[in-house]
Each structure stands twice: as C-alpha cells, then as structure tokens.
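Biologist: I would like to go through this structure term by term. Please set each value against its definition.

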Amino acid sequence: MTERLDVDALIDDPKTRIVVCCGSGGVGKTTTAAALALRAAERGRQTVVLTIDPARRLAQALGLRELGNHPRQVSVAGFEPKGELWAMMLDMRRTFDDMVRTHAGPERAEALLANPFYQTISTSFSGTQEYMAMEKLGQLAATDEWDLIVVDTPPSRSALDFLDAPNRLSSALDGRMIRLLTGPAKAGGWGLRKVVSTGFSIFAKAVSTIIGGQLLADASAFMQAFDSMFGGFRERARKTAELLRSEGTSFLVVAAPEPDALREASYFVERLGGENMPLAGLVANRTHPVLADLSATAALSAAEKLEATAPLATAVLQLHADRVAMADREKRLLARFTRAHPGVPLVEVPALPSDVHDLGGLREIGDRLAT
C-alpha cells in the first residue's frame, strides 16, 4: 500500500527549511506552493513563497495588488497567522542587475549594466530565468529571515532545468570563452566564428540585436568586466546546488491525474533520485473522488427508470455516473504511477468547484493537502 504524504509533518518539522514544488506546466504548482506557504505560516512558521509564474493570480489570492522582486509581507484584514507569510515573484532581469551591482563594484557594475551584450544575455540566454531563480533562492536562504522557503519552479517543459541552470550558464561563460573574448585581437574574427559555430546560443541570440564587429567589441568589454565576478558566480551556483541536496530541502512533485502529467511526474521522480535530491512525495492535484456510495451501473439504471417522472433526479444520477467513471480512470492512472514508484508517498487533492481567488481558497487547498 502506498504511503500517504503527511504534509503537516513536513511543514511543521523545523528541519524543513526549503520546499520546492516542481512538475509540468498547468498542474497547479503555483497554487500548491502558495497554499503550503499559507498553511505553514498559520501553523507558526516564518514563511516566504517565491513564485516564477508571471500571472497575477497569486498576488490577487494573497490580497496583494502585485508581487515584486523582493518579498512583501501578506497583511490583510482577518489574516492573523501564528507565524508570518511573505511572498515575491521573480523578476529575472532585476535579479541579474542586482547581482551585478552587489558583486562588481559601482563603476564596473554601471559599465556592465549599460553593455548591449549584457542586456541581451540577461533577458534572452537559455537558462537565465532558471539560474536567477536559483540565485534568488540562495539570497533568501542566506538572510536567515525566514525559517521556511517555498519555491514554485519555472513553467518549462523540463521543470528540473531549474537544477541544471547554474552549471549550464557557468559552463557557457567558462574560462575558454573568456579568453577568446578578452583577447579579440589574438582570437580575431575566426575565434568568434568558431565559438558561434560550436552552438553557443548566447551568441546566436546576441547576433540578432548587435551587428557585425560591434558584437565582438561589446562582448569583449562585457567579458573583461565580468571576469572578476566569474569566480563568485560559479561559487554561488555550487552552494545553491548543495543547498538543494541538503537535509533541510524537500521536493514535492505536483501532477494532475492525467497521462501526460503523470509521465512527467515519473520523469521528475526518477531524475530527483538520480541527482540524490530529497523527494518528499507526489501531490496528485485536482482529483475527483466519488461523493456517494453508488456504482455507475446502479446510477444509470435508476436514471433510466426516473427519466419520465423526475428529470432533475435523472440528471443528478447521470452526473454521478460520469463522476464515478472519471474517478475510476484517475485511480487507474495513479495506481500505474505507484506501481512504478512504490516508495513515493502520495496525497490526493480534490478539485475545488471554482478557481482560487483569495486566502480562503488557498486555505481550502491547504486543508485538502493535509486531509
């Protein structure tokens, strides 16, 4: 029998410092992360939730007009948690800019921020959003202002790109590349063409906005200014990767009870295991449990008998039969997942009748997570 995921035990444990919600797009990661953070705050934790989702739904549900790149405390009428709840939404460009200002010094920072090559890679380079999410997580963890950080990962096809981003980005900006660009006279146009031809998308994207020799000059100036930051860049990436593997971190895989979402969930579970990441369990979101002890066959039989005399009762019985069929299908899909991953704890979260718009809705999701 599959072990049930005990969400309250997870968020109540003072050793739990970071909870990372991952899964494919559209399965409710953002709402799950917010509901967990709200529940943790109401149970006494000093909690911050970091979302990567640019939609305003989370801010509205938390009673805030908007979320920014720095945590804001959730303080609305009637909300009096035992702990505290803070929330923020990642601004990729501002996080990169703040990192440059912090680690490059005033004059060099301004040169970097004004550089056209920097302006391109800070918004367009593949993996930048995921890396900046890692950077922001590292910053939040380093402050010790919160004893629980809940992270909503980027909505990419492979949500665990979040884990790869530091190595990908730092490898792309490695020593070989720096030598090519900080010595353009020696490397010449051939050196740049060689780098482009080897498939560094950083250049392919930059070329679209910076033309010809100007690209080389801007890239060279960028790398010369960035070179002094590079050691710290890689060191922070290494520390954050270690943080994600630490005892105080737990990953929750969120999935809808649908074939594609559960296939993605299986991939995430296997990948987390392969990376020695601490997996807490699977959240099967938006399930449809049966609300009455009546089989689909019996419901349809009764509906047929009542069709002529009780149309409303007939409709209710038919809806119930459809619900039973849906619940049976979801059970089969989840059973297939648990057979493939018998050691993964699981909790089912029944779907709400409407979208979440406020703290009450998030609280209800939290209750269903813990029931």
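Biologist: Why does Val-349 count as buried?

Modeller: This is a predicted model, in which local features need pLDDT of at least 70, side-chain atom pairs count only at pLDDT 80 or more, and totals for chains, interfaces and linings use all residues. Residues are numbered from 1 along each chain as its sequence is written, and side-chain values use heavy atoms, with hydrogens and water left out. Buried means under 20% relative accessible area, exposed over 50%, and partly exposed in between (1.4 Å probe, protein chains only). Val-349 has 0% relative accessibility, so Val-349 counts as buried.

Biologist: Where does Val-349 lie, and which residues does Val-349 touch?

Modeller: Val-349 lies in strand β8, residues 346-350. Helices (H or I, at least four residues) and strands (E, at least two) are DSSP runs, numbered from the N terminus. Contact means heavy atoms within 4.5 Å.

Biologist: Why is Ala-351 called partly exposed?

Modeller: The relative accessible area of Ala-351 is 25%, so Ala-351 is partly exposed. Ala-351 lies in the loop between β8 and α16. Ala-351 and Thr-287 are 64 residues apart in sequence, yet their C-alpha atoms are 5.5 Å apart in space.

Biologist: What makes Phe-79 buried?

Modeller: Phe-79 has a relative accessible area of 8%, and therefore is buried. The place of Phe-79 is in the loop between β3 (72-73) and β4 (84-89). Among the residues that Phe-79 touches beyond four places in sequence are Leu-38, Glu-42 and Leu-359.

Biologist: How many of the residues of the protein count as buried?

Modeller: Of the 371 residues, 49% count as buried. The protein has 16 helices and eight strands.

Biologist: What makes a set of residues a nonpolar core?

Modeller: A nonpolar core consists of buried Ala, Val, Leu, Ile, Met, Phe, Trp, Tyr and Cys residues joined through side-chain atoms within 4.5 Å. The largest one here has 89 residues, and Leu-62, Leu-282, Leu-362 and Leu-369 touch the most other members. Helix α2 (residues 29-42) gives the most to this core, with eight residues. Leu-362 is in contact with residues including Ala-34, Leu-38 and Leu-62, leaving aside neighbours within four places in sequence.

Biologist: What makes a space a pocket and not a cavity?

Modeller: On a 1 Å grid over the protein atoms alone, a cavity is a set of points where a 1.4 Å probe fits but cannot get out, whereas a pocket is an open set with protein on both sides within 12 Å along at least five of seven lines. Lining residues have an atom within 4 Å of a point. Of the largest pocket's 29 lining residues, the closest to its centre are Gly-28, Thr-31, Arg-57, Arg-286 and Val-356.
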